[in-house]
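Here's a quick briefing on side-chain packing and charge pairing in the model shown below.

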Amino acid sequence: MLLPFFHNKFLEAGVDEVGRGCYAGPVYAAAVILPKSFYHPLLNDSKELTREQRNELRPVIEQECYAFSVASVSNTEIDRINILQASFKAMHLALNKLKRTPELLLVDGNRFKRYKQLPHQCIIKGDGIYASIAAASVLAKCYRDEYMENLHEKYTMYYWNKNKGYGTREHRTAIEAHGLCRYHRKSFNIWPVFESEEVLCMD
């Protein structure tokens, strides 16, 4: 069972990003402020949920939270500033859009770039520990998946409706056949294609 809060005294926002390891498309981040009493039996790290479960949770989170926001940073910006800085930027952009100001940030992972003067707590695998981070992971995943599925309509050869831009065997084979397009992350040095093992959709 997920923990409802890190500190009972503060208004907490969970923050998470999705798509950091992809070969194509933007990185997405979400910030969510949940009531401390929020509970849903399905809520968990988005990687542990099915598509159907995430889609069921999305409207519940959006309707019952105090505030939420989702933001993205494009593949061209990722190439310009690197994926780590782009992930931080996406999280900051999401925090900028929140309609309420949190007093404490719970951030998934072990690194974060300080946001304004707000205190933050980095939590490794926090999306499987705290409800607000799990909720952020679900929203970021839902919004990014939807974006990549729409992008698939123009670039059907890469099967982004299935792999969402991750380096699956199917995606890598498509890159070998068709080369890279404008939405691929050129700084990831993914062409010519790789002798490494298949990269799974892990976030």
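Serine 69 touches Ala29, Ala30, Ala31, Ala94, Leu95, Lys97 and Leu98, once neighbours within four places in sequence are set aside; contact here means heavy atoms within 4.5 Å. Bear in mind that this is a predicted model, where local features need pLDDT of at least 70, side-chain atom pairs count only at pLDDT 80 or more, and totals for chains, interfaces and linings use all residues. Residues are numbered from 1 along each chain as its sequence is written, and side-chain values use heavy atoms, with hydrogens and water left out.

**Serine 69**
- Look for serine 69 in strand 3 (residues 67–73); strands are DSSP E runs of at least two residues, helices are H or I runs of at least four, and both are numbered from the N terminus.
- Serine 69 is buried at 4% relative accessibility, where buried means under 20% relative accessible area, exposed means over 50%, and partly exposed is in between (1.4 Å probe, protein chains only).
- Its side chain gets to 2.3 Å from the backbone oxygen of alanine 94.

**Salt bridges**
- Side chains of opposite charge can pair when their charged atoms come close.
- Ten salt bridges turn up across the whole structure, each one a side-chain nitrogen of Lys or Arg within 4 Å of a carboxyl oxygen of Asp or Glu.
- Aspartate 127 and lysine 47 form one of them, at 3.2 Å from N to O.
- Aspartate 127 sits in the loop between strand 5 (120–123) and helix 4 (131–152), and lysine 47 in the loop between strand 2 (27–33) and helix 1 (51–64), so this pair ties together parts 80 residues apart in sequence.
- Aspartate 127 is buried at 5% relative accessibility, while lysine 47 is partly exposed at 37%.
- Asp45 joins Lys47 and Asp127 in a network of salt bridges.
- Glutamate 149 and arginine 51 make another salt bridge, at 2.4 Å from N to O.
- Since glutamate 149 is in helix 4 and arginine 51 in helix 1, that pair ties together parts 98 residues apart in sequence.
- Glutamate 149 is buried, with a relative accessible area of 17%, whereas arginine 51 is partly exposed at 40%.
- Glutamate 149 also meets lysine 164 in a salt bridge, at 3.5 Å from N to O.
- Lysine 164 is in the loop between helix 5 (160–163) and helix 6 (169–178) and glutamate 149 is in helix 4, so the pair ties together parts 15 residues apart in sequence.
- Lysine 164 is buried, with a relative accessible area of 7%.

**Aromatic rings**
- There are six aromatic pairs: rings of Phe, Tyr and Trp (its six-membered ring) pair if their centres lie within 6.5 Å, and planes under 30 degrees apart count as stacked, over 60 as edge-to-face and the rest as tilted.
- Tyrosine 155 and tryptophan 160 have ring centres 5.7 Å apart and planes at 40°, so they count as tilted.
- Both tyrosine 155 and tryptophan 160 are buried.
- Tyr155, Tyr158, Trp160 and Tyr183 are linked into a cluster by ring pairs.

**Charges over rings**
- The charged end of arginine 58 sits over the ring of tyrosine 143, at 4.1 Å from the centre; the rule asks for NZ of Lys or CZ of Arg within 6 Å of the ring centre and within 35 degrees of the ring normal.
- Arginine 100 lies over the face of tyrosine 66, 4.9 Å from the ring centre.

Terms used
A polar contact is a pair of N or O atoms within 3.5 Å; within protein, one must be able to donate a hydrogen and the other to accept it, and residues adjacent in sequence count only if both atoms are side-chain atoms.
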